[in-house]
Amino acid sequence: MRITSWNVNSIKARLEHVLAYCKADKTDVLLLQELKTTDDNFPRQSFEDIGWQLATHGQKTYNGVAILAKRPIQVTQVGLAGDDSDEQARYIEAEIEGIRIASIYLPNGNPCPGPKYDYKLAWMDRLFSRAKHLFNLEIPVVLAGDFNVIPHSIDCYDPLSWQEDALFREETKSKFYAICNIGYLDALRQIHPKGAYYTFWDYQRGAWQKDNGIRIDHLLLSPEASCRLVDCNVDRNPRGLEKASDHTPIWCDLTI
DNA sequence: ATGCCCCCGTCCCGGGGA
């Protein structure tokens, strides 16, 4: 089973690209981030028409996450627990074919320091709690999405210039490592220990043309999932299309 | 030090993204 994560930067602006991806049979499960629309305005019918099922957690203008699949989706969580005052739509989780799968849009956190960075760190603490809870279920778990974290220097075209950025500073990485250290495996690095596998290129400064990218979209696997991991990679093709998202899909294949 | 580019919306500018 192939599981793919893609920050589409507006589902309405990217609808044709995403539909084409589904129609081309590129994946079995598609996790989306940055829908930038409400559940009511999500183009649900377009996907149902091609036989896909979907669960969305959207909001107006900003954020928004979704889980799309050819198989039945049993939603297990909408929104990230731990702060009742948090109204940002950044987490949805479901069970598909016995695998617990989360679509995650972790806060950016810039400018840093500041309230947005404080929100990012608090959100990461809440994600840690959820990740630990899921880990203890001893089932296959895939935590996937736009983590807005550059894990290591190898994941950045110019690490020095990102040193103090909210995506790469030590406090951010520490909290990301803490989640990994529960026992989750970075699927991309398990399959490809070395080399640049960027998932995001800025629209500005010709970043795509110069391959000035960063790896911030990740697939984290619990032991029950990682023992089934057979392949993982970044699909750079969608980033080169006209009217592309600034992110490109990352996928992993699990046996059965 | 700032903007570049792109998306959104009580919409032609400003907030947010990363």
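**From the DNA surface to the sheet**

Of the 23 residues around DNA strand B, those that come nearest are Ser10, Lys36, Asn108, Tyr203 and Gln204. The model is predicted.

The largest nonpolar core holds 67 residues. Leu32, Ile67, Ile101, Val142 and Leu219 touch the most other members. Take isoleucine 101. Beyond its neighbours within four places in sequence, isoleucine 101 is in contact with Ile3, Val29, Leu31, Ile67, Glu93, Ala94, Ile96, Val142 and Ala144.

Next comes the sheet. Six strands form an open sheet in the order S3-S4-S2-S1-S14-S13, and the pairing is mixed. Strand S3 (53–57) and S13 are the edge strands, since each pairs on one side only. On average, neighbouring strands of this sheet are turned by 15 degrees against each other, direction ignored. Strands of a sheet pair through backbone hydrogen bonds, either parallel or antiparallel.

Start with S2 (residues 29–33) and S4 (residues 65–69). Five bridges join these strands, which run antiparallel. Glutamine 33 has valine 65 in S4 as its bridge partner.

Follow the order on to S14. Strand S1 (residues 2–7) runs antiparallel to S14, with four bridges between them. Here threonine 4 has tryptophan 251 as its bridge partner. Strand S13 (residues 229–234) is also antiparallel to S14, joined by five bridges. Leucine 229 stands opposite leucine 254 of S14.

Why is S14 largely enclosed by the rest of the structure? Strand S14 spans residues 250–254, and four of its five residues are buried, so the rest of the structure largely encloses it.

Technical notes
Residues numbered from 1 in each chain as written. Chains lettered and ligands numbered in written order. Predicted model: local features only at pLDDT ≥ 70, side-chain atom pairs only at ≥ 80, totals over all residues. Near = placed C-beta within 6 Å. Core = buried A, V, L, I, M, F, W, Y, C linked by C-beta atoms within 7 Å. Buried ≥ 20, exposed ≤ 12 C-beta atoms within 10 Å, placed from the backbone. Contact = placed C-beta atoms within 7 Å. Helix = DSSP H or I, 4+ residues; strand = E, 2+ residues; numbered from the N terminus. Pairing = 2+ DSSP bridges. Axes fitted to C-alpha atoms, helices over the stretch in contact; angles between N-to-C directions.
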